[in-house]
Amino acid sequence: MKRVFSGIQPTGEPHLGNYLGAFRQWVEGQDQKENFFCIVDLHSLTAPYDPEGLRERTRKLAAVLFAVGISPEKSTLFIQSHVSAHAEACWLLNCITPIGWLQKMTQFKEKFTKQESVGMGLLDYPVLMACDILLYDADEVPVGDDQKQHVELARNIAGRFNHLYGDFFVPPEPVIPKIAARVMGLDDPATKMSKSAASIRGHAIGVLDDPKEIERSFKRAKTDLFNEIRFSDDQERAGVNNLLSIYQAITGKGREEVEADFANARGYGDLKMGVAEIVIEALRPIREESDKYLNDPVALDTMLAKGAEQAREVAMPKLREMQEKMGLLVGM
Ligand code: TYM
C-alpha cells in the first residue's frame with residue numbers, strides 16, 4: 001500500500017486554495033493509501049505570529065481537517081511539534097544539506113525580501129519539510145503546485161543521504177491535482193490565494209466563511225473588459241479563468257461543459273454568482289461539522305494525542321536508524 005504524507009501550516013485561515021489544492025486529494029485517497037497528515041506548527045514559527053493566536057489556529061485547523069473528512073480510522077492526523085523526531089531529524093539533515101540548495105528556493109527568496117527580519121528557520125524551512133516526509137517513508141506527497149519545488153528538494157536530500165550512508169530514504173513524489181492546483185487571489189488573479197494575504201478583504205475565500213461573506217468576495221472578484229466566459233491562458237483574462245477553474249474543480253465537469261453552463265449568462269455578474277453558489281454548497285458541511293469539534297476541545301485534543309502516538313510509532317524508529325547510519329551511539 002502506498003504511503004502518503006502531507007501537511008499544512010496553522011497560519012491564517014484555511015482557504016479555498018488549501019481545500020482544492022490539498023484537502024480534497026487527502027480525503028479522496030484515504031481508502032486506497034496509508035495516510036499521515038500533519039499540522040506543521042514548527043514551520044509556522046518562521047514568520048511573525050502571536051503565540052496565543054497560534055494555539056487557537058492550530059486547534060481550529062484540526063477541527064477543519066476532521067470536518068473536511070479526514071477520518072481518524074483511516075488516517076493519522078497529528079501536530080508536528082508533538083512528535084519530536086521531526087525537529088531532531090532536522091538537525092541531522094541540516095548537516096548534509098548544502099546551503100546553496102536552500103538559498104535557491106523560490107519561497108525563501110520571496111519571503112526573504114518581504115519579511116523585516118529573517119530567522120534561520122526560514123532558510124531551513126525546506127529541510128524540516130523534508131524530515132516530515134522522509135521520516136514516514138512517504139511515496140506520495142499530495143500538494144498544490146506551489147509546494148512542488150519543496151518536495152523535489154526533499155527528494156534530493158533523500159538522494160544525498162542515500163549516497164552518503166547507503167540506501168535508506170524513499171524518494172517521494174509530489175502529487176499535484178490536475179485542476180485548481182494553484183487557485184489565484186480573487187482580488188488579484190496574478191497572485192496565488194494565500195493565508196498570509198487572506199486578511200485582505202476579497203482576496204481569499206475562507207473555508208469557514210459564511211455564505212454572505214462568500215457571495216460578497218465573489219461579487220468583488222477582479223475580471224476584465226472582454227465580457228467573454230471561456231477558459232484562457234491569457235494573463236489579461238486570468239480572473240475569469242480562475243473563476244471557471246474553481247467551478248470546474250468543484251463540479252468535476254469538463255471545460256466545454258463548464259463553458260456551456262454559462263452560455264446564457266448575462267455577464268460576469270452571473271458567472272460570479274454561479275461560482276459563489278457552488279462554493280457555498282461545497283463548504284457548508286465543513287462549517288457545520290467543524291463547529292462540532294470546536295465545541296468539544298477535550299475530544300479534539302484526545303484525537304490529536306492519538307494521532308501523535310501513531311505518528312511516533314513510525315517516526316521514532318526511523319529517527320533511531322538514521323542516527324545509527326550517521327554514526328551516533330544509539331540506545332544508551
Ligand atoms: P501551506 O500551509 O501553505 O498549504 C497547505 C496546502 O495547500 C496548498 N495550497 C494551495 N493549493 C492551490 N491553490 C492555492 N492557492 C494554494 N495555497 C496553498 C499547498 O500547496 C499545500 O499543499 N510547506 C507546506 C507545509 C508542509 C508540508 C510538509 C506539505 C510542511 N511540511 C510536508 C507537504 C509535506 C505549506 O506551507 O503549505
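Biologist: What distance separates a nitrogen atom of the ligand from an N or O atom in the side chain of D132?

Modeller: Please bear in mind that this is a predicted model. A polar contact is a pair of N or O atoms within 3.5 Å. Here a nitrogen atom of the ligand lies 2.7 Å from an N or O atom in the side chain of D132, so the pair falls within that cut-off. A nitrogen atom of the ligand is also 2.9 Å from an N or O atom in the side chain of Q147. For an oxygen atom of the ligand, the corresponding distance to the side chain of N18 is 3.0 Å.

Biologist: How much of the ligand does the protein bury?

Modeller: The ligand taken alone exposes 710 Å², and the protein buries 97% of that area.

Biologist: Which residues come nearest to the ligand, and how many residues are around it?

Modeller: There are 28 residues around the ligand, and Y125, D132, G144, D146 and K195 come nearest.

Biologist: Let us turn to a helix. Which residues of helix 3 are buried?

Modeller: A residue counts as buried when its relative accessible area is under 20%. In helix 3, residues 85-94, those that qualify are A85, H86, A89, C90, L92 and L93. They lie on the same side of helix 3, because they cover an arc of only 165° around the axis.

Biologist: Against which elements do the buried residues of helix 3 pack?

Modeller: They pack against strand 1, strand 3 (75-79), helix 6, helix 7 (148-165) and helix 12 (297-325).

Biologist: Within helix 7, is I157 buried or exposed?

Modeller: I157 has a relative accessible area of 0%, and therefore it is buried. Leaving aside neighbours within four places in sequence, I157 is in contact with L93, I96, T97, W101, V127 and A130. L93 is also one of the buried residues of helix 3.

Biologist: Where does N227 lie, for comparison?

Modeller: N227 is in the loop between helix 8 (211-219) and helix 9 (238-251). A residue is exposed when its relative accessible area is over 50%; N227 has 51%, so it counts as exposed.

Biologist: Which residues does N227 touch, beyond those up to four places away in sequence?

Modeller: N227 touches G267 and Y268. N227 and G267 are 40 residues apart in sequence, yet their C-alpha atoms are 6.4 Å apart in space.

Biologist: What is phi of N227, and what is phi of A180?

Modeller: Phi of N227 is near 50°, a positive value in a residue other than glycine. A180 is also a residue other than glycine with a positive phi, in this case near 60°. A180 lies in the loop between strand 5 (173-175) and helix 8. With a relative accessibility of 11%, A180 counts as buried, whereas N227 counts as exposed.

Key:
Residues numbered from 1 in each chain as written. Predicted model: local features only at pLDDT ≥ 70, side-chain atom pairs only at ≥ 80, totals over all residues. Heavy atoms only, no water. Near = heavy atom within 4 Å. Polar contact = N/O pair within 3.5 Å; in protein donor to acceptor, adjacent residues only side chain to side chain. Areas by Shrake-Rupley, 256 points an atom, 1.4 Å probe, with all protein chains shown as cover. Buried < 20%, exposed > 50% of the residue type's maximum accessible area, 1.4 Å probe, protein only. Helix = DSSP H or I, 4+ residues; strand = E, 2+ residues; numbered from the N terminus. Arc of directions from axis to C-beta. Contact = heavy atoms within 4.5 Å.
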